[in-house]
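Look first at the structure as a whole, then follow the text from one part to the next. The paragraphs below start with a pair of charged side chains and end with a pocket.

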Amino acid sequence: MAGAYGMPHPEKAHNGGADSFYIHDDGLSLGVADGVGEWEWRFKCSARGFADGLMAGCKDAAVDTTMDQNFHPQVGAMQLLKCGHDAARASRSFGSSTALVTALSERTGVLGV
């Protein structure tokens, strides 16, 4: 079972902050992204938009990745992050983020990060 709650820094509360997360419905994958706020003032891009796009792409990819019988969680977590990045770029989101993505093999109980 997993849960999360986001509370932006008071100076960033006006726009909801620059952080995002996902918890996949099956509980086998989750991730958190800390968007780089400098993009907001320097380039007029939404740091939160990039982090949201990154996490949404990871969550969408988790459906196919974690259900694969040949799933390797260590490789799977990296694949999810790559899919998230590709999705953010495809949606023309600009920015950068630190991110952590996990993938759990239901078959072996191994967690990849």
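Lys59 and Asp25 are joined by a salt bridge, with 3.9 Å between the closest N and O atoms. Lys59 belongs to helix H2 and Asp25 to the loop between E1 and E2, so this pair ties together parts that lie 34 residues apart in sequence. A salt bridge here is a side-chain nitrogen of Lys or Arg within 4 Å of a carboxyl oxygen of Asp or Glu. Helices (H or I, at least four residues) and strands (E, at least two) are DSSP runs, numbered from the N terminus.

The model is a predicted one, in which local features need pLDDT of at least 70 and side-chain atom pairs count only at pLDDT 80 or more, while totals for chains, interfaces and linings use all residues. Residues are numbered from 1 along each chain as its sequence is written, and side-chain values use heavy atoms, with hydrogens and water left out.

The cut-offs are under 20% relative accessible area for buried and over 50% for exposed, with partly exposed in between (1.4 Å probe, protein chains only).

By the salt-bridge rule the count comes to 4. One of them links Asp52 and Arg48 at 3.1 Å, N to O. Both residues lie in helix H2, 4 residues apart, which is about one turn of the helix. Asp52 has 31% relative accessibility and so counts as partly exposed; Arg48, at 28%, is partly exposed. Another salt bridge pairs Asp86 with Lys82, where the closest N and O atoms are 3.0 Å apart. Asp86 and Lys82 are both in helix H3, again 4 residues apart, about one turn of the helix.

Helix H3 covers residues 73-90 and also holds Ala77. Ala77 is buried because its relative accessible area is 2%. Its C-alpha atom is separated by 10 Å from that of Ser105, 28 residues apart along the chain.

Next come two residues in loops. Most residues other than glycine have a negative phi. Lys44, not a glycine, has a positive phi of about 60 degrees, and it sits in the loop between helix H1 (38-43) and helix H2 (47-66). Arg92, also not a glycine, has a positive phi of about 65 degrees, and its place is the loop between H3 and strand E3 (97-104). Lys44 is exposed at 70% relative accessibility, and Arg92 is exposed at 65%.

The last stop is the largest pocket, with about 240 Å³ of space. Of its 19 lining residues, the closest to the centre are Tyr5, Gly6, Asp19, Ser20 and Phe21. A pocket is found on a 1 Å grid over the protein atoms alone, as an open set of points where a 1.4 Å probe fits, with protein on both sides within 12 Å along at least five of seven lines; lining residues have an atom within 4 Å of a point. Strand E1 (19-23) and strand E2 (29-35) each supply at least two residues of the lining, and E1 gives the most, with 5. Phe21 is found in strand E1, and at 39% relative accessibility Phe21 counts as partly exposed.

Note on methods. Points joined across faces, edges and corners; volume = space filled by probe spheres on them.
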